[in-house]
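Reader: Please show me the model. Then let us go through it in short questions and answers.

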Amino acid sequence: MTKELICICCPQGCRLTVSDESGELTVTGYTCKRGIEYGKTEATAPTRVITTTVAVTGSSWCRLPVKTAGGVPKSKIFDCMDAINQVTVQAPVHTGDVVLSNILETGVDVVAARTIE
Amino acid sequence: MFQYDLAIIGGGPAGLAAAVSAWNEGVRSIVIIERDDVTGGILNQCIHNGFGLHYFKEELTGPEYAGRFEQMVAETSIDVKKQTMVLNITPEKMIYAVNPTDGYFAISAKAIVLSMGCRERTRGAISIPGDRPSGVFTAGTAQRYVNIEGYMVGKRVVILGSGDIGLIMARRMTLEGAKVLAVVEIMPYSNGLNRNLVQCLDDYDIPLYLSHTVTDIRGKRRVEQVVVSKVDENRAPIPGTEMTFDCDTLLLSVGLIPENELTKSAGIPIDRRSNGAIVFDDMQTELEGVFACGNVLHVHDLVDFVTAESMKAGKSAAQYILYPYQHTDQPVELQNGPGVTYTVPQKLDLTAGEAKTDLFFRVNHVIHGGTITVQAEDGTVLFSRKKAHMLPAEMEKITLDKSWFVGHHTATVSIQEGANEK
């Protein structure tokens, strides 16, 4: 198996080639070490960071931006969105506060991405 | 009347960085004037991640990136006037503004930083024919509705323009349950980053139609159909290629315009190609003591570059306030040669400021293999570097040593194509 990928770790967008022909996964075409990890993960079990919003009460803001603190399996993105959309947060809330822990047993927390006093 | 050493017009990423930078250089009388209820500017609605990789060496969302700078400002005694609209700036550096607590008032400043940002081009700017129903939004307006106000703007969506804002909104609308039927791009290539083509379109199987544009909008009260046609090499629609999409929403991501009304009111000369003020390498405009940075100067791809440029503007403004200086009346003028749309800065002052300067520019078409050259008026090559790929959508940056320009009056930045075949 040989896969051509575009690394999404930064705006550079390196063109990666991932191959398992030597018996183990090898990545070429990267310009930083994050490309190696991305290439291996993307070829086997791709993940994405989800950024979205949840409802917030007790403030002049009505939506709180949130993100998953790490990548979640790509196949679970819409299930994660459904779970995140059930959440309502009461202000005050601070950047980094966990608003939903271990979403869908992925081991990844959903955290606040802004402070709302 | 209020008096400040430094007045900063606009509290987005550019204004915040300029303020922090000037404070760090020792200026203690600073005001940031912001028309919104909050500072942070467009970053407040850019809830996606990817910000800060250059400046903070980590991947942040827009609100997190803005929050870092808001925190830095909060640790100083910089004044922040929110909900304040600047109406006029004079060549004497008087600022006239209005807000709910002070009413109509004036600010006198020793130096001014212009950091008003940019606004979106609209349907009117590109003259899309058809009906005038509701459901046609600029992508940024839709982004504000969805991410800040909490309103979904539509269920079946066509997006015109494949710049990063269009791509980001394609993913955002999809995550919130809408069906994005197509992203349509008039050029034969996308104007977005490759990473966004992958993670915003490919991930969700959203089709991208290159060399296509919207040629009709149909609908009585709400958008009902959008017609998309293929275009020829002159970007003219080809009859017979029409595709009709049943949809209720059209998002437009068709370009950004620096918001320079105040710049013009102060009589500051504008570069017609960058659509921002003409600046020296210290970010000073041709009006002494007035500096410009961020998207009001030229539209950037990455906020990290806005931050770096604005830090420089803030530092220069501080220098001007603390150790007043004047620019030479014989700067080196930078000119745009073949392949180059504009440069920022446009003028180099060899007698003041730092020894080296970053030069930002954009190419005017896709270039596969070229050489960036800076050539003096007598033909002397001052700088030359090969580069494999250059796209109009990606801002290029080179660093110039000002000593190279001694004895010269003008220099031309250009691209020689095909000079380095692989």
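Reader: In which loop does B:Pro345 lie?
Author: This model is predicted: local features need pLDDT of at least 70, side-chain atom pairs count only at pLDDT 80 or more, totals for chains, interfaces and linings use all residues, and side-chain values use heavy atoms without hydrogens or water. Residues are numbered from 1 along each chain as its sequence is written, while chains are lettered from A and ligands numbered from 1 in written order. Strands (E, at least two residues) and helices (H or I, at least four) are DSSP runs, numbered from the N terminus. B:Pro345 lies in the loop between β23 and β24 (347-348) of chain B.

Reader: What is omega for the peptide bond that joins B:Val344 and B:Pro345?
Author: This peptide bond is cis. Its omega is about 0°.

Reader: What is the strand order of the open sheet of 3 strands in chain B?
Author: Two strands pair if DSSP finds at least two bridges between them. Pairing in this sheet is antiparallel, and the order is β23-β25-β28.

Reader: Why is one side of β23 and of β28 in chain B left without a neighbour in the sheet, and what is the average twist?
Author: β23 (340-344) and β28 (396-401) of chain B each have a single partner strand and stand at the edges, so one side of each lacks a neighbour in the sheet. Angles use lines fitted to C-alpha atoms (for helices, over the stretch in contact) and run from 0 to 180 degrees between N-to-C directions. From one strand to the next, the twist averages 30°.

Reader: Which residue of β25(B) is the bridge partner of B:Tyr342?
Author: β25 covers residues 356-363 of chain B, and 4 bridges pair this strand with β23(B) in the antiparallel sense. Facing B:Tyr342 as its bridge partner is B:Arg362.

Reader: Which residue of β29(B) is the bridge partner of B:Thr373?
Author: Strand β29 (residues 410-417) of chain B runs parallel to β22 (residues 332-336), joined by 4 bridges. There, B:Leu334 has B:Ala411 as its bridge partner. β26 (residues 367-376) pairs with β29(B) in the antiparallel sense over 7 bridges. In β29(B), the partner of B:Thr373 is B:Ser414.

Reader: How much area do chain B and chain A bury between them?
Author: With contact meaning heavy atoms within 4.5 Å, chain B and chain A contribute 28 residues each. Buried area is the accessible area (1.4 Å probe) that two parts lose on being put together, summed over both. Carbon and sulfur atoms hold 58% of the buried area here, which is about 2400 Å².

Reader: Which residue of chain A meets B:Asp203 in a salt bridge?
Author: A salt bridge is a side-chain nitrogen of Lys or Arg within 4 Å of a carboxyl oxygen of Asp or Glu. The count between the two chains is 3. In one of them, at 2.5 Å from N to O, the side chain of B:Asp203 meets that of A:Arg48.

Reader: Which helices of chain B each supply at least two residues of the side that touches chain A?
Author: The helices in question belong to the side of chain B that touches chain A. They are α2 (62-74), α4 (139-149), α5 (164-175) and α6 (194-201).

Reader: What is the strand order of the open sheet of 5 strands in chain A?
Author: Its pairing is mixed. The order is β8-β5-β6-β10-β9.

Reader: Which strands stand at the edges of this sheet in chain A?
Author: Each edge strand has a single partner, so one side of each is left without a neighbour in the sheet. These strands are β8 (88-90) and β9 (98-100).

Reader: In which loop does A:Pro92 lie?
Author: The peptide bond from A:Ala91 to A:Pro92 is cis, with omega near 5°. A:Pro92 lies in the chain A loop between β8 and β9.
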